Each structure stands twice: as C-alpha cells, then as structure tokens.
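Thanks for making the time this morning.

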Amino acid sequence: MNDKSSKLIDKKGIRLDGRKADELRPLKLQVGVLSNADGSAYIEHGKNKILAAAFGPREMHPKHLALADRMVLRCRYHMAPFSVQERKSPAPSRREVELSKVIRESLEPALFLELYPRTGVDVFIEVLQADGGTRCASITAAALAIADAGVPMRDLVVACAAGKVDNTIVLDLHDEEDKLGDADVPVAYMPSLDAVTLLQMDGILTPDEFQRAVDMAMNGCKKIYEMQKEALKTKYMVVKDTEEKEEDEEVEE
Amino acid sequence: MPTYFEKKQLVIPGELLAEGDYLPGENTYVDENKIYAQRIGLVDVDNKKVNMVALRAFYVPKVGDIVIGTVAEVGFNGWTVNIKSPYNAMLRASDVLSRPFKPQNDELSAVLSAGDLIVAKIVSYDRSHDPQLTVGEPGLGKITRGQILNVVPTKIPRVIGRKGSMISMIKQETNCQIILGLNGVILVTGKTVEDEELAITVIKKIEQESHTSGLTDRITQMLKENKVNVEEP
C-alpha cells in the first residue's frame, strides 16, 4: 500500500487536488432549495453534491413507531445510482443503512426530542455525486435542513474528516485519499456547545496521530460552521433585502 | 452579564444570546447559565427577558386557541382535523350535534366530510393527548364561504397588531370579516372578491415585512391607495 500512497502527496506537501495538508475542499451551501419540504439544504463539498430535506415534526407513520415520551428522528441516507462511477443499485445497501443510523445519532443530540412526544421528524439525504466524506457533508446539510424546517435545535451540527495519508495528517480527505490512505477520522461537532456528536475511525493511528487528526477535524468543522451560519442567514436576509428594495421603489413613486 | 446581540438581530440555532442575569424567553434555552437561540429568528431583550420571534416555526396547540382546520378523516364517533401542527386534532360528534350521538341514526359525513374547513377552539391538550376541538360557541363551525390564507403561525401577533389595531384597521378598510386561526390559517370573507384579494395582499405583506419598522404606516398607506383605486371605476 505504501508505494501506492506515496504518490498522494508530492515533495512540496501538495495533495493530488492541489490542496495543502490542512486545507478544506471548496464548499458551497444553500438553504431552502426544495419547496415541498418543510426545510431543505444543498451542499457542494468538493465534488460531493448532496441534497437534504427535512419534514416535521409530524404524526408518525406507521403509528406504532411513535414514542410516548419523545420525538423520533428518522434519517435516510441514500446514494443515487449515478452518484458513483460504477452504477450503484438504488436499493439501500448495508453501508447506507449504517450511515443513516450514524447520521441520525450525530443529529439527535442537537434536537429537543422531549419537547414533542409522539411525533417524528424525517430527514432525507440524497447523494447526487459522491467523492469521499459524504457522511460529513450529509450531516452538515441535514442540520441546515432541520433548522430551516423550524425545528428547535441546541446548535447546528457540522462535520468534517481528517486522516492519515503518506504518513501525514491531512484534513478533509477526498475519495482517492480515503481509499488509498491509512486512516480516516470523521468528526461531527456542535461548535457553540463545544460538543462532539460523532467520532469514528477507520484505519490505524497512534494515540498522538489520532489526537492531531481530531484537533484538525474540529478546526475544519469550525471553518465550515461559519459558512453554515452564513448560508442559513443568507436565506432569511434575502427577505430583508427585497423589502429594502421595495421601500426604495415606494420612495421613487 | 452581557448580551451578545443587537436589537432585532437575525440569529440562528445555537447562537449565544446572553450570559448571567437574564431570563430565557420564547425560542431560547439555557445551558450552564448561558442563553442560546433555538430557532432562526429575531432577538430582543425586554426587562431582562431574552425573547425571540421565530421566522420559521410550526404551531403548537394551546388550550383556548381559535384555530382553522381541515377535516382529514371521518371516524366512528367524530372527526380527525388537520390543524397544521405536529398533532392532529379530534372533534367529537356529540359536540357538533348538540344532542346525544347515536351511531345508528346519525351519518357523520353528512355533517362534516373530509376536506371541509372548520373554525374551532381547542378545549384540551397536553403532552400525552391529542388536542380536542369544540365548535359549540358563537363564531365557530363549518366555513361556507371566503378565502383561506396560510401564514407562519408566529407572525399572527403581527397581523393582530398592538391591542388589535392592525387587524381592525384591515377589517374596516376592506369591509372584510377576518378570522385569524392561531395555527397560521386565516379566513377572509368579504362582499366582493376584490375586497378579499386586497385583504389577502395586505396580510401577505405584513407576513413578509413583519420585522421591519414603520410597518403600520406603510400598511395604512397601502390600504388607502388601493381603496381609492377600487372606488374610482
């Protein structure tokens, strides 16, 4: 594996896609992109393209899944057949079921589940194009969709990964680094509360490397958090801007 | 004991609003003596209480609220009513018929069928029980005419205005009867369709610009202008 991965970072410390070790991929976030959902968000994280839609809280269907003392959060992570090079069967795979659970558990701490018993919030995550780190991008988008739906939240959840490639700790792995690299550490984080809601590790790291990877991922989260805040505010600022324009027109009249 | 916001600032969930000697108001929560926002909205502090008007929220039933709902299902001894909240409301047959209800004599769908709109009052609701409705008071019951308009439920107080000033002005200027469902559904009934349309545009404008200053003046002006336009031809 080592002779293969030695190509992932060049002598100057530049990665395959031209980034430095602690650099994020370019991000684009948009809130309120779907009109039929209560809340929605779209994220472009490098080559990842992901849509998230949130519904609820609403009555649970089927009814027996409702809990008498709290709200139920349901997540469905799904990859479109065209999201990867080789056609992916649209049926939920083992990996997708697992990621749905992982994403749900990383979002649950952000919600006030006890406020609305017997109801459910549904989050649908559709990966349109995948390029490594989709679980992180999905969490970031899903948190925005839930906030956009008007569901009370403790904080937005942001996620970002770090890992080890060519004996270097790097931030935000893309597909190739993820596959050929030595380790991948996705972290989901609530920045205002300084609380980690997801921490996974795939690969082998020394305790020291692990600590550095987690720190790096959390720093990445904080950077994405700023963009997340910006995206959410932009949607509601648009309302304000149009009003100001209208006012100007009124003056002209 | 500082606050971390300007008056009417736009905040998002998780934003730190105040620390120390403040009380958490609506749409806020406390964690380790710090007050954070729960929703997207505009904050304000009123006498040490940090309040927030949510820009996006859903209706949570409250006993005594007047709501407008759609009959979703006709059941064995009542109706299930969709009141645009996380919980469906129940309307019992005996409440509508004002006499003992006998399943063998009464056909429920003849009284109210799926899709009918009703104005109702919430008589009971708590965490473990779905809201119960009543239509046994004056002004409540099936809606037969008029137009329906949906707004974000948190904006209803703005449509009402201070001590009802806004809504009574709209009613007066447009000659419309307006019933505000606290769940964000508004019924407008006027003599002509034009009157109704005017009332609806005005209410939509209030919803959109609910958080700007000088709104009442602009609405007054808008109503006056349009009234002239309607009467001219």
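**Backbone, strands, rings and contact**

Let me begin in the loop between helix H3 (156-160) and helix H4 (165-174) of chain B, which is where Lys163(B) is placed; helices here are DSSP runs of H or I of at least four residues, strands are DSSP runs of E of at least two, and both are numbered from the N terminus. Before going further, this is a predicted model, in which local features need pLDDT of at least 70 and side-chain atom pairs count only at pLDDT 80 or more, while totals for chains, interfaces and linings use all residues. Residues are numbered from 1 along each chain as its sequence is written, chains are lettered from A and ligands numbered from 1 in the order in which they are written, and side-chain values use heavy atoms, with hydrogens and water left out.

Most residues other than glycine have a negative phi, and most peptide bonds are trans. Lys163(B), although not a glycine, has a positive phi of about 50°, and with a relative accessibility of 88% it counts as exposed, where exposed means over 50% relative accessible area, buried under 20% and partly exposed in between, with a 1.4 Å probe and protein chains only. Arg118(A), in the loop between helix H2 (94-107) and E5 of chain A, also has a positive phi, near 70°. As for cis peptide bonds, one joins Gly56(A) and Pro57(A), with omega about 0°, and Pro57(A) belongs to strand E3 of chain A; another runs from His61(A) to Pro62(A), with omega near -5°.

How much of strand E3 of chain A is buried? Nine of the twelve residues of this strand, residues 48-59, are buried, so the rest of the structure largely encloses it. Strand E2 (residues 39-45) of chain A runs antiparallel to E3(A) and is joined to it by seven bridges, two strands being paired if DSSP finds at least two bridges between them. Strand E5 (residues 119-129) of chain A is also antiparallel to E3(A), with nine bridges, and there Glu126(A) is the bridge partner of Leu51(A).

Turning to rings, five aromatic pairs are counted over all chains, on the rule that ring centres of Phe, Tyr and Trp (its six-membered ring) lie within 6.5 Å, with planes under 30 degrees apart called stacked, over 60 edge-to-face and the rest tilted. Phe55(A) and Phe124(A) have ring centres 5.8 Å apart and planes at 75°, so this pair is edge-to-face. It links strand E3 to strand E5 of chain A, across 69 residues.

Lastly, the two chains meet through 38 residues from chain A and 34 residues from chain B, contact meaning heavy atoms within 4.5 Å. Between them they bury about 2,900 Å², 53% of it on carbon and sulfur atoms, that area being the accessible area (1.4 Å probe) that two parts lose on being put together, summed over both. Three salt bridges are counted between the chains, each a side-chain nitrogen of Lys or Arg within 4 Å of a carboxyl oxygen of Asp or Glu.
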